[in-house]
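Subject: Salt bridges in the attached model

Dear colleague,

Here is the structure for your files.

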Amino acid sequence: MPRTVSDGGEGFDDIASRSSSHRRMDSIQHGHGYKVGFPPKRSLLAEFSDAVKETFFADDPLREYKDLPKSKKIWLGLQHVFPVLGWSRDYTLGKFKGDLIAGLTIASLCIPQDIGYSKLASLPPQVGLYSSFVPPLIYAAMGSSRDIAIGPVAVVSLLLGTLLQNEIDPKTHPLEYSRLAFTATFFAGVTQAALGFFRLGFIIEFLSHAAIIGFMAGAAVTIALQQLKGFLGIANFTKKTDIVSVMESVWGNVHHGWNWQTILIGASFLAFLLVAKYIGKKNKKLFWVSAIAPLISVIISTFFVYITRADKHGVSIVKNIKKGINPPSASLIYFTGPYLATGFKIGAVAGMIGLTEAIAIGRTFAALKDYQIDGNKEMVALGTMNIVGSMTSCYVATGSFSRSAVNYMAGCKTAVSNVVMSIVVMLTLLLITPLFKYTPNAILSSIIISAVLGLIDYQSAYLIWKVDKLDFLACLGAFFGVVFSSVEYGLLIAVAISLFKILLQVTRPRTALLGNLPRTTIYRNVEQYPDATKVPGVLIVRVDSAIYFTNSNYVKERILRWLRDEEEQQQDQKLSKIEFLIVELSPVIDIDTSGIHALEELLKALEKRKIQLVLANPGPAVIQKLRAAKFTDLIGEDKIFLTVGDAVKKFAPKVVDNV
């Protein structure tokens, strides 16, 4: 029973009035079904405004500020920039206990890693520790992730070290090298903060997941190979990172360059670290075993070298680590001169890689704990911490997957775990850095090798192979590019293959031949549904992409090829001639003038064959543009239907009657 006005719903007069007002949009019901509706015309300004909003403000960030007093808006604005103002109000002693344990655990992991990663970047060891002191404090105030652990990471350290050494030799010009490193860090932060501030985070999505898997695996292999210098005790080692140069350097020093005491230390503790990691993986409650193993390795190996004075028998040691917290370095950044542009280029690349890793890590752990992180807010936080870090003698810091995993398993509740880690690092810099003097470089190499092995995700690579061969090609291309050439070329190959895949999908969209599922009015891809039967005298083709200038000609030619194939098949089987070509436009979200021109050419080609063109279910953007271009007048509005079923019912009623 239809509701009347008296029961609170619409009355018959209201319904009639509403139907009358929509009649001009062809939205009323006819005997054979609903006709395609034409959306109201919109101004250019409104269309442009909506496009900008969806591109840059898809999450509607201002929705929280609606209908609020000015003071409340200011407070919410401060919370947006400094999330700590929000979650700190509900902070409890119970949460602090979890953060304290997690912070102490990741500190025990980060201290030996930071010393090793700084060597990977060819920077003094204390710079690695500096980078786990200041940046985590900034992130704790501005970041939105509860689980991410901030500090130097292997991939960015290797990338930075490789790119910087192409410009300056760190041994002959250590000050200029450090200045360029701080300059690159500054511009890495500027790049990250700018992407977040201008809400351009979607740019990092152009690096596909498959390319990242391959790039990370290649970087892990390269990093591990670089550690053979410290692991084998080789003094003269190649500066190149490709596998061929590294292996030539390794085997070229086999008779005179290897040191057996160094190899014994490195191999013993690498085995210990791998066993500890295995124990942590097998039993999640024993995660602390793998977390504390690096620090235990450093303490034991340092003590062993000190009492045996193995450094006098060819075992390379860390030597002095400068005591004290971060000195200011703002005056060392190149804001003018020839290294300004170089620092910007290196920083932009390192910043993008750091962003990709940090955002991926943040989203992973946020999903595990069922909360959301704001990607743009994260970029601003990461950028700000690197800008401040560049002015306090730090190099590029980002989210570390190994430390974040330990942080998560240790029971962290908020970003306070980063603060605890930072305080421990500060105390280390102030009090105990002299104790690292006799730490063998071999143990640092072992720690880095054991850490980067986790970056080789062979399970994901195998899954990519099973799911998408083109994605797997991107994965392999990035991997071999890093391993056989360099980190920057591997990154370039990863981006190039990702963009190539996008271009391929845009220029060569899928099309499908549709058939009728028995005893239904549903039409589906005949390849996916072998039971689907073709309609006699009717060819139904679906286009699975927007139709733009990049693919319009291909779409037209592909539809005509479907038609030629069907005509040849019908001649062979002596079936009825095709009289109607129905193009299903449901997946076509947009069309441009080139696409409309292609449809016009398709219409002309069909008219020569005495075949009528019929369109089914064009979306609002498509039908609006077809009407503006007067294509609807050209084809006739009686040839545009809401569904394929309606079109078949009109032009092949006998088929429908048999359903």
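The notes below cover the salt bridges and their surroundings.

This is a predicted model, in which local features need pLDDT of at least 70 and side-chain atom pairs count only at pLDDT 80 or more, while totals for chains, interfaces and linings use all residues. Residues are numbered from 1 along each chain as its sequence is written, and side-chain values use heavy atoms, with hydrogens and water left out.

A salt bridge here is a side-chain nitrogen of Lys or Arg within 4 Å of a carboxyl oxygen of Asp or Glu. The count under that rule is 13.

One of them joins Asp114 to Arg403, at 3.2 Å from N to O. Asp114 lies in helix H5 (residues 93-120) and Arg403 in helix H17 (residues 401-409), 289 residues apart; helices (H or I, at least four residues) and strands (E, at least two) are DSSP runs numbered from the N terminus. Asp114 is buried at 0% relative accessible area, and Arg403 is buried at 0% as well. Buried means under 20%, exposed over 50%, and partly exposed in between (1.4 Å probe, protein chains only).

Lys534 and Glu566 form another, with their closest N and O atoms 2.9 Å apart. Lys534 sits in the loop between strand S6 (523-525) and strand S7 (538-543), and Glu566 in helix H23 (residues 552-573), 32 residues apart. Lys534 is partly exposed at 38%, whereas Glu566 is buried at 8%.

Glu637 also pairs with Arg627, at 3.4 Å between the closest N and O atoms. Both are partly exposed: Glu637 at 28%, Arg627 at 36%.

Regards
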